[in-house]
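Welcome, and please have a look at the structure below.

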Amino acid sequence: MTVKTDEFFRKADQLIAAGRFIDSKGWVPATSGNFSAKLSDGNIAITVSGRHKGRLQADDIMLIDSKGRSLDGKKPSAETLLHTSIYQRFPDVQAVLHPHSINATLTARLFKNEIVLKDYELLKAFTGINTHETRIAIPIFGNDQDIPRLAGKVENYLDHHTHDVYGYIIAGHGFYTWGASVDDALRHLEALEFLFDVEIRLHGVTRL
Ligand SMILES: CSC[C@@H](O)[C@@H](O)C(=O)COP(=O)(O)O
Ligand SMILES: [Zn+2]
C-alpha cells in the first residue's frame with residue numbers, strides 16, 4: 001500500500017472543493033462525473049468509482065499510478081484511462097475534470113463532430129489566449145462503454161490536431177477538460193459551460 005503524502009491530501013481537498021462547486025451548478029448529477037489531479041511523483045489522485053462527486057469526502061479520493069492502477073485497494077473511476085491518457089500526452093496538465101452537464105449533452109445533439117467557439121471575450125479564460133479575436137474547436141466523440149476504444153479515438157484526434165485542445169465532448173454523456181492546476185481546469189470547465197450555453201441559446205434551444 002503506497003503512503004499518501006501531504007501533497008495527495010492537498011490535491012484531494014482541492015478536488016473535493018471543486019466537486020462541491022461543480023455539483024452546486026447541477027453538472028454532476030447522480031454520481032456522474034470524475035475528477036483527478038497529478039502529483040509531483042507522477043501518481044494521480046482520482047475520485048473513487050460510483051461516489052457522488054458533489055458530496056465527496058476524503059475517503060472518496062484515491063491514489064493510482066500513471067497507468068491507472070490502484071495503489072490503495074480502492075476502485076478508481078470507470079473512466080480512469082481518459083484521465084491518464086491526457087496526463088501522458090500533456091506533461092503540463094495537472095488536473096482533469098469531467099462533468100455531465102445538460103449543456104454538454106445538448107451541444108452534442110446540436111453540433112456534429114465539433115463545436116467551434118469564436119469571437120467571445122470569455123475565450124481569454126483559456127490558458128494562453130489573450131484576445132476575443134480567435135477560435136477554439138471542441139471535438140465531439142460518440143459515447144462508448146469500451147473506454148480503451150474511446151480513449152483511442154481521442155488519441156487519434158489529438159495526434160492530428162496539434163492546435164491547443166481545451167477539452168472534448170462525449171455525446172449523450174458529458175465532457176472532459178483539463179489544466180495546469182485544479183483551479184485552471186475549473187476555470188476552463190466554467191468557461192466551456194458558459195460558451196456551450198450561449199451557442200445552444202443561439203440555436204433556439206433553451207436549457208431544460
Ligand atoms: C452514473 S452514470 C456515469 C458513469 O457511467 C460515468 O460516465 C461517470 O462519469 C462516473 O463514473 P465513475 O466510475 O464514478 O467515475
Ligand atoms: Zn462520465
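This is a predicted model: local features need pLDDT of at least 70, side-chain atom pairs count only at pLDDT 80 or more; totals for chains, interfaces and linings use all residues.

Helices (H or I, at least four residues) and strands (E, at least two) are DSSP runs, numbered from the N terminus. Residues are numbered from 1 along each chain as its sequence is written, chains are lettered from A and ligands numbered from 1 in the order in which they are written, and side-chain values use heavy atoms, with hydrogens and water left out.

- Distant parts of the chain are linked here: Glu-79 sits in the loop between strand S3 (61-64) and helix H2 (80-89), and His-173 in the loop between strand S7 (167-170) and strand S8 (174-179), 94 residues apart.
- Both Glu-79 and His-173 are buried (buried means under 20% relative accessible area, exposed over 50%, partly exposed in between, with a 1.4 Å probe and protein chains only).

**Around ligand 1**

- Ligand 1 is surrounded by 14 residues, the closest being Ser-49, Gly-50, Ser-77, Ala-78 and Glu-79; a residue is near a molecule or strand if one of its heavy atoms lies within 4 Å of it.
- Polar backbone atoms of Gly-50 and of Ala-78 are each 2.8 Å from an oxygen atom of ligand 1.
- A polar side-chain atom of His-173 lies 3.0 Å from an oxygen atom of ligand 1.
- On its own, ligand 1 exposes 410 Å², and the protein buries 73% of that (accessible areas come from the Shrake-Rupley method with a 1.4 Å probe; for residues, only the protein chains shown count as cover).

**Helix H2 and His-83**

- Helix H2 is largely enclosed by the rest of the structure, because 7 of its 10 residues are buried.
- Those buried residues are Thr-80, Leu-82, His-83, Thr-84, Ser-85, Ile-86 and Tyr-87.
- His-83 counts as buried because its relative accessibility is 0%.
- The side chains of His-83 and Asn-34 make a polar contact at 2.7 Å (a pair of N or O atoms within 3.5 Å; within protein, one must be able to donate a hydrogen and the other to accept it, and residues adjacent in sequence count only if both atoms are side-chain atoms).
- Leaving aside neighbours within four places in sequence, His-83 is in contact with residues including Phe-35, Ile-46 and Tyr-176, where contact means heavy atoms within 4.5 Å.

**Helix H3**

- In helix H3 (residues 102-110), the buried residues include Asn-103, Leu-106 and Thr-107.
- The buried residues of H3 pack against strands S5 (114-118), S6 (135-141), S7 and S8, and against helix H5 (182-202).

**After helix H5**

- His-203 lies in the segment after H5 and is partly exposed, with a relative accessible area of 43%.
- The side chain of His-203 reaches the backbone oxygen of Glu-199 at 2.8 Å.
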